[in-house]
Amino acid sequence: MSEEQNVPQDEEDRSHPGGGVAIGTMTGGAVASGSGASAEDRSQRTGTPEPVPDVTGLTLPVPAAGGVSIGTLTGGAVAAGLDARAVDASVRTGADVRQLLEALGELHGQLPLFARVEGNGVAEVEQEVTTVRGELQRTGEAPRTRLERLRDLLRGSGTAVSGLASALAVVQAIEQLLA
């Protein structure tokens with residue numbers, strides 16, 4: 001007499017990994033493949049989407065059972081295997097935000113060249129640059145009042161850094177973003 005195996009349904013499913021996933025171009029989102037795998041897209045997207053890469057002539061290998069094959073990946077999250085988990089929590093910003101981040105980075109790099117003397121505004125500018133830059137990097141946006149404050153600090157003649165080309169670039173980028 002043969003003994004019958006009592007295998008719970010979810011354990012039985014794990015023994016059969018299923019097919020694979022083949023993707024030509026992935027520009028965001030989340031993909032998971034495999035028994036018990038899960039995917040979640042928590043990403044934030046603002047502005048104009050990035051151009052999709054040209055995949056003309058691209059040949060994808062056939063993924064193994066439970067595997068993933070991707071031709072080009074410019075964003076997102078991928079996981080494959082038993083209980084794999086993919087979470088895309090990226091923040092993608094538009095061109096205006098990227099331009100402002102670049103300008104803020106350049107100005108931030110020049111601030112250490114200036115002495116922090118009471119009344120010259122360097123410490124105040126540095127604090128605002130750091131705060132705005134951090135918000136943009138974390139969330140893709142900054143409060144309008146913060147942007148206006150930084151713009152006004154850099155426009156005024158009360159700061160030692162207001163004459164820098166990088167300060168002007170920040171002011172112009174903020175004005176373009178607020179328009």
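**Handedness first.** I call a crossing left-handed if the near helix is turned anticlockwise from the far one by less than a right angle, and right-handed if clockwise. Helices (H or I, at least four residues) and strands (E, at least two) are DSSP runs, numbered from the N terminus.

**Ground rules.** I am working with a predicted model, in which local features need pLDDT of at least 70, side-chain atom pairs count only at pLDDT 80 or more, and totals for chains, interfaces and linings use all residues. Residues are numbered from 1 along each chain as its sequence is written, and side-chain values use heavy atoms, with hydrogens and water left out.

**H3 and H4.** I looked up how helix H3 (residues 122-139) meets helix H4 (residues 144-155): their crossing is left-handed. Their axes come within 10 Å and cross at roughly 145 degrees; axes are lines fitted to C-alpha atoms, for helices over the stretch in contact, and angles run from 0 to 180 degrees between N-to-C directions. On the H3 side I noted Glu-124, Val-125, Glu-128, Val-129, Thr-131 and Val-132, and on the H4 side Arg-146, Leu-147, Arg-149, Leu-150, Leu-153 and Leu-154. Contact here means heavy atoms within 4.5 Å. By class I get seven nonpolar, one polar and four charged residues. Ala, Val, Leu, Ile, Met, Phe, Trp, Tyr, Cys and Pro count as nonpolar, Asp, Glu, Lys and Arg as charged, and the others, Gly among them, as polar.

**H4 and H5.** Next I checked H4 against helix H5 (residues 165-178): the angle is about 145 degrees, with the axes 9 Å apart. This crossing is left-handed. H4 brings Arg-144, Leu-147, Glu-148, Leu-150, Arg-151, Leu-154 and Arg-155 to the contact, and H5 brings Ala-167, Val-170, Val-171, Ile-174, Glu-175, Leu-177 and Leu-178. I find nine nonpolar and five charged residues there, with no polar ones.

**Whole chain.** I see five helices and eight strands, in the order α-β-β-β-β-β-β-β-β-α-α-α-α. Of the 179 residues, 29% are buried, meaning under 20% relative accessible area (1.4 Å probe, protein chains only). Among contacts between residues at least 6 apart in sequence, 69% join residues at least 24 apart.

**Confidence.** Where should I be careful with pLDDT, the predictor's confidence in each residue, from 0 to 100? It stays under 50 over residues 1-9, for which the model has one contact beyond four places in sequence. Helix H1 (residues 9-14) has the lowest mean, 50, while H4 has the highest, 93. The chain mean is 82, and 85% of residues reach 70 or more.

How values were computed
Buried < 20%, exposed > 50% of the residue type's maximum accessible area, 1.4 Å probe, protein only.
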